[in-house]
Amino acid sequence: MSYYEFIFEVVPEAAETLTQLLSDRGCLGVYEREHRLFSYFPDSMGIERIRKMVAESSLAIMTSGLQSDLSYSYSYLSERDWNETWKKKYQPIDVGETLTIIPPWETAPDGRTAIIIDPGMAFGTGHHETTRFCLASIERLCRQASHGRFCDIGTGTGILAIAARKLGFAEAAGVDIDPLAVDAARRNVRLNELDNVIIYEGSIEKTTGHFDLVAANLLSETLKALAHEIEARMKPHSLALLSGILTGQEDEVIEVFSALGTAVEEKLSDGRWISLVIRR
Ligand code: SAM
């Protein structure tokens, strides 16, 4: 597969929001360096469609007031260029007390649980705060809660479902509306040689039954829109992890979930992102 690289001149205040906007529109990977945001789209999306989505994302940033003028350039990368780029950028990362996220060409240090993620395909390499919050929470909750069924809404690379299964959940489901993410997640499940991890194309309606733990690392608007269905999939007294909430938007999300009878057990902030643990 070949790719397009879009490079944005971005102020720090706008970088996270732009990352999220691009990721929700089919961007496969993003990194930031020295006020420049490097983002990658698959060639198969078609350059006109990519340019349209980039223009929409840029407009959203400019109208939000985060940055008044957002300029960018783009170039075409062959598969070889892409692999070289990612291999340089994508290094193993330790998360929580036991997990190490590694690309397929690396090995995890002794004594750590390896989560192998092919980085080239979707959001969820473990380098984003919101993913790391979910991973660390799953690890911690695995020590406390029942390890029955786990579900990840908006699974991206499948990283959370894979981690949940490796950490002891009997089964894990992941759903994503993006077919490229679904392909990536299924490939990653195979790379990790796991059974009982099922990835569905679509959203929460594709899942069946109730879960001991639900994770949803999504934009606030999507969390609010899916709140009713998320709550309905949680077993009584079970927990859900809500991440991807921008600071300032947490009250609206809490309000919607509280109206459904859930209570906030934990609220974490890194300044930009808010993550919540809620109980039904
Ligand atoms: N779960 C991974 C993680 O924590 O790193 C990936 C999270 S990524 C921020 C959000 C993912 O949600 C994207 O892959 C996007 O395609 C997917 N998504 C967005 N809206 C969705 C919806 N309504 N239902 C299911 N997936 C959705």
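**The pocket and its ligand**

Mentor: Let's start with the largest pocket: 36 residues line it, and Ser-23, Asp-24, Asp-176, Ile-177 and Asp-178 are the ones nearest its centre. Keep in mind that this is a predicted model.

Trainee: Okay. How much space lies in the largest pocket?

Mentor: About 660 Å³.

Trainee: And which helix gives the most to its lining?

Mentor: That's helix 6, with three residues. Other elements supply at least two residues each, including helix 1 (12-23), helix 2 (47-64) and strand 9 (171-176).

Trainee: How does the lining split by class?

Mentor: You get 17 nonpolar, 13 polar and six charged residues.

Trainee: Switching topic: where's the ligand?

Mentor: The space it takes is that largest pocket.

Trainee: Which residues come nearest to the ligand?

Mentor: There are 19 residues around it, and Thr-131, Gly-154, Asp-176, Ser-203 and Asn-217 come nearest. By class, that shell has six nonpolar, 10 polar and three charged residues. Helix 5 (159-166) and helix 7 (220-233) each supply at least two of the shell residues.

Trainee: Asp-176 again! How far is its side chain from the ligand?

Mentor: One of its polar side-chain atoms lies 2.6 Å from a ligand oxygen. Asn-217 has a side-chain N or O atom 2.9 Å from an oxygen of the ligand, while a polar side-chain atom of Asp-152 is 3.3 Å from a ligand nitrogen.

Trainee: So how much of the ligand's accessible area does the protein cover?

Mentor: 94% of the 590 Å² that the ligand has on its own.

Terms used
Residues numbered from 1 in each chain as written. Predicted model: local features only at pLDDT ≥ 70, side-chain atom pairs only at ≥ 80, totals over all residues. Heavy atoms only, no water. Near = heavy atom within 4 Å. Polar contact = N/O pair within 3.5 Å; in protein donor to acceptor, adjacent residues only side chain to side chain. Areas by Shrake-Rupley, 256 points an atom, 1.4 Å probe, with all protein chains shown as cover. 1 Å grid on protein atoms, 1.4 Å probe; cavity = no way out; pocket = protein on both sides within 12 Å on 5 of 7 lines; lining within 4 Å. Sits in = over half its atoms within 2 Å of the grid points. Helix = DSSP H or I, 4+ residues; strand = E, 2+ residues; numbered from the N terminus. Nonpolar A, V, L, I, M, F, W, Y, C, P; charged D, E, K, R; others polar. Points joined across faces, edges and corners; volume = space filled by probe spheres on them.
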